[in-house]
Amino acid sequence: MKRHFIYRDLSWLDFNARVLQEAEDPSVPLLERLRFVGIFSSNLDEFFQVRYATLKHISLSQDSDRELIHGFPISELISKINQKVIRLQKKSNSALEKIHEELKQQNIHFIDEKGANAKQIRFLKNYFIKKVNNLLSILFLTDLTPENLTNTNTLLAVKLIIRKEENKFNPPQFVLIEIPKEIDRFVVLPREKGSDKKCVIFLDDVIRLNLEMIFHPFDCTNIEAHMIKVTRDAILDLEEDFSKSYAEKIKSSVEERILAEPVRLVYDQNISGDTLKIIKEKLGVNEFDSLIPGGRYHNRSDYLDFPSLGRKDLQYRSIEPINVPNLSMESSLISLIKKKDYLIHTPYQNFGYIVKLLQEAAVDPAVKSIKITIYRLSKISNVVRALINAARNGKKVLVQIELQARFDESNNLSHAHALESSGVELIFGISGLKVHSKICLIERHERGKVKYYGFISTGNFNESNSRVYTDYTLLTSHQPILKDVKKVFDFLRTPFKNYKYKHIVVSPNYTLNTFKRLIKQEINNQKKGLPSGIKIKVNSVSNWPIIKLLYKASQENVKIDMIVRGLCCLIPNLKGVSQHIEVISILDRFLEHSRVYIFTNAGNPIVYISSADLMTRNLHSRVEVAVPIYDEELKKQIMNTFDIYWKDNKKARLINQNPQNKFRDSHEDYQVRSQLEVYNFLKQQSEATVGEN
């Protein structure tokens with residue numbers, strides 16, 4: 001298995017290396033490269049909070065059966081992870097240094113407290129007194145207990161040498177200063193008169209500049225400060241307290257994250273040995289945790305919010321979402337969907353159609369109920385507003401909101417409270433299952449009969465994400481499909497019942513077997529000399545039974561094209577195993593999030609869009625929905641779009657090959673940057689329709 005399977009955590013780190021490639025790519029606008037450093041760092045934080053924390057739990061477990069994962073001893077796996085993380089961390093340091101040098105050429109300069117001139121120092125001292133000083137938490141390590149330290153990512157570790165009496169000194173004092181989250185990490189200094197130079201300083205360095213002011217009660221002969229970053233276990237521990245509701249358990253567990261065990265310590269490699277030693281002791285960092293020597297600055301996820309500085313030329317050009325042909329925002333969407341299916345491909349097309357449909361349903365007297373599943377939402381959500389409005393207008397509104405959506409628990413709890421306060425019925429979850437499907441069902445009474453309308457999506461109903469995540473949403477009034485969707489909501493209410501579906505494919509009971517059957521069908525068609533082939537576009541591939549079956553299909557000469565954005569445990573192009581499988585990964589300005597499954601089916605293609613990746617969790621421990629595309633135009637659009645992605649030779653990498661993450665060869669006379677080409681393809685379709693009308 002080791003030879004034919006890449007362990008998921010190592011593969012995920014290879015994915016994050018692709019993110020780092022975008023930060024290194026000179027063709028990417030400079031400020032966007034800086035933000036890719038932020039994405040890389042944010043991804044790594046989450047990896048340690050969840051995946052590394054899980055491995056640490058296993059390694060400390062007394063269960064000897066869990067010492068191996070897919071043939072990897074836990075100790076070997078943890079060692080490989082740490083080695084790879086250290087290499088990536090060094091690479092990110094180099095990428096960042098290069099970006100900073102190139103920003104200088106654009107007259108944007110990062111300065112530190114030692115590089116500030118007299119005028120800038122006056123400004124920064126005033127800024128510190130007015131905006132920073134009152135927000136500081138200063139903790140002496142001698143008195144520190146875990147309860148004193150919140151889940152702050154970044155801290156300054158300060159070593160104070162305090163004079164006792166003439167020529168005598170007290171033992172060093174060690175202090176932690178939390179970097180305040182309430183203000184921007186980057187301080188833009190006023191531009192000097194007659195100069196185009198823009199200077200930016202880290203908030204950390206503003207604090208360093210004012211250390212003597214902070215510790216003026218002490219007679220310090222020396223103060224040194226180095227940054228550390230602590231990453232804690234973020235796995236929720238839902239206590240077995242039957243007096244608490246599910247929502248209360250989630251809230252309590254999220255709050256307890258601040259006291260969770262550390263799993264990683266990143267530190268400035270110039271920190272003194274005695275400072276590092278006491279930090280490790282006080283934070284409880286041990287040999288099972290990841291120790292990463294780093295540079296002067298940590299928590300680079302803050303680069304995601306780096307100011308634009310008025311430099312549009314150093315950012316991606318904005319694109320206007322395209323209208324879906326014949327789907328007018330000025331018309332009744334329900335009346336249009338009644339006649340035919342429509343497909344929205346965000347961010348190229350307008351997410352506003354989904355909100356508009358919900359808003360229309362909220363005020364339509366014939367609409368009696370709205371049911372929807374919610375996984376992640378914007379902090380300010382027009383989807384929630386529309387649902388609240390519907391409830392206030394007397395509609396029966398049912399919302400399944402997933403409170404265990406990782407790192408969105410607090411946001412979802414807040415929205416759940418607002419919905420419940422407005423009379424919306426909430427379902428919080430099913431024991432042992434996350435609800436990851438993205439479905440909506442609108443019940444409308446027409447001429448004494450019930451008629452259903454709705455949508456099924458590959459992505460979350462999240463306005464913020466819809467601007468950067470590529471997803472498909474099917475708007476439909478196809479009654480047999482929507483009757484199946486109704487059964488999903490029935491299952492969410494009564495999960496002890498087993499429901500059967502005629503059209504949609506639902507996890508946890510049916511997805512694995514359905515996809516296995518479809519793969520086997522392609523094998524049989526190939527053996528019969530009929531057209532065969534499989535095309536898959538997903539975020540992740542890790543389920544071993546599916547991988548084994550894809551290997552078998554390859555061995556029977558079925559051609560398999562796979563676009564996998566993130567982790568991929570399958571190894572393509574292995575002689576005698578997977579020589580007919582090719583896998584690429586595309587990373588560009590948008591995050592590829594749509595899941596598409598295309599089966600040639602002897603020349604009559606079967607096409608699904610789905611919320612599910614080919615991961616064991618999606619197949620066995622989540623509620624997922626895949627929907628078949630029956631409309632021939634929409635089916636053709638999805639297949640054409642897949643083909644555009646497949647031809648990418650600007651942003652496509654060959655993964656799980658040697659070397660890893662090698663870009664496809666690009667030819668001067670044949671260059672395809674797929675995200676741009678997909679936008680142009682959909683725009684041409686929209687303009688052609690306008691011309692016909």
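Reply: Strand E24 (residues 581-586) has five of its six residues buried, so E24 is largely enclosed by the rest of the structure. Buried means under 20% relative accessible area, exposed over 50%, and partly exposed in between, with a 1.4 Å probe and protein chains only. The model is predicted: local features need pLDDT of at least 70, side-chain atom pairs count only at pLDDT 80 or more, and totals for chains, interfaces and linings use all residues. Residues are numbered from 1 along each chain as its sequence is written, and side-chain values use heavy atoms, with hydrogens and water left out.

Me: What makes something a strand or a helix here, and how many of each are in the chain?

Reply: Both are DSSP runs numbered from the N terminus: helices (H or I) have at least four residues and strands (E) at least two. The chain has 18 helices and 30 strands. Of its 693 residues, 57% count as buried.

Me: Which strands pair with E24, and in what sense?

Reply: Two strands pair if DSSP finds at least two bridges between them. Strand E23 (residues 560-564) is joined to E24 by four bridges, and the two run parallel. Strand E29 (residues 652-654) and E24 have three bridges and pair in the antiparallel sense. Ile 584 of E24 stands opposite Ile 563, and also opposite Leu 654 in E29.

Me: Why is H10 called roughly parallel to H11?

Reply: The axes of helix H10 (residues 352-363) and helix H11 (residues 382-392) cross at roughly 10° and come within 8 Å. That makes H10 roughly parallel to H11. Angles under 35 degrees count as roughly parallel, over 145 as roughly antiparallel, 65 to 115 as roughly perpendicular and the rest as oblique. Axes are lines fitted to C-alpha atoms, for helices over the stretch in contact, and angles run from 0 to 180 degrees between N-to-C directions.

Me: What classes of residue make the contact of H10 with H11?

Reply: Contact means heavy atoms within 4.5 Å. Residues in the contact include Val 355 and Leu 358 of H10 and Ala 386 and Leu 387 of H11. By class there are eight nonpolar, three polar and no charged residues. Ala, Val, Leu, Ile, Met, Phe, Trp, Tyr, Cys and Pro count as nonpolar, Asp, Glu, Lys and Arg as charged, and the others, Gly among them, as polar.

Me: What makes E3 and E8 edge strands?

Reply: The open sheet of three strands has the order E3-E9-E8, with mixed pairing. Strand E3 (108-111) and strand E8 (186-188) each pair on one side only. E8 and strand E9 (residues 198-202) pair in the antiparallel sense over three bridges, and Val 188 has Val 200 in E9 as its bridge partner. Helix H4 (residues 118-132) packs on this sheet, touching E3, E8 and E9.

Me: How do you know whether Ser 11 is buried or exposed?

Reply: Ser 11 has a relative accessible area of 3%, so Ser 11 is buried. The residue lies in helix H1 (residues 8-24). Among its contacts are Leu 567 and Cys 568.

Me: Why is Val 450 called partly exposed?

Reply: Its relative accessibility is 41%, so Val 450 counts as partly exposed. Val 450 lies in strand E19 (residues 449-457), and its contacts include Glu 443 and Gln 479.

Technical notes:
Lists of a residue's contacts leave out its neighbours within four places in sequence.
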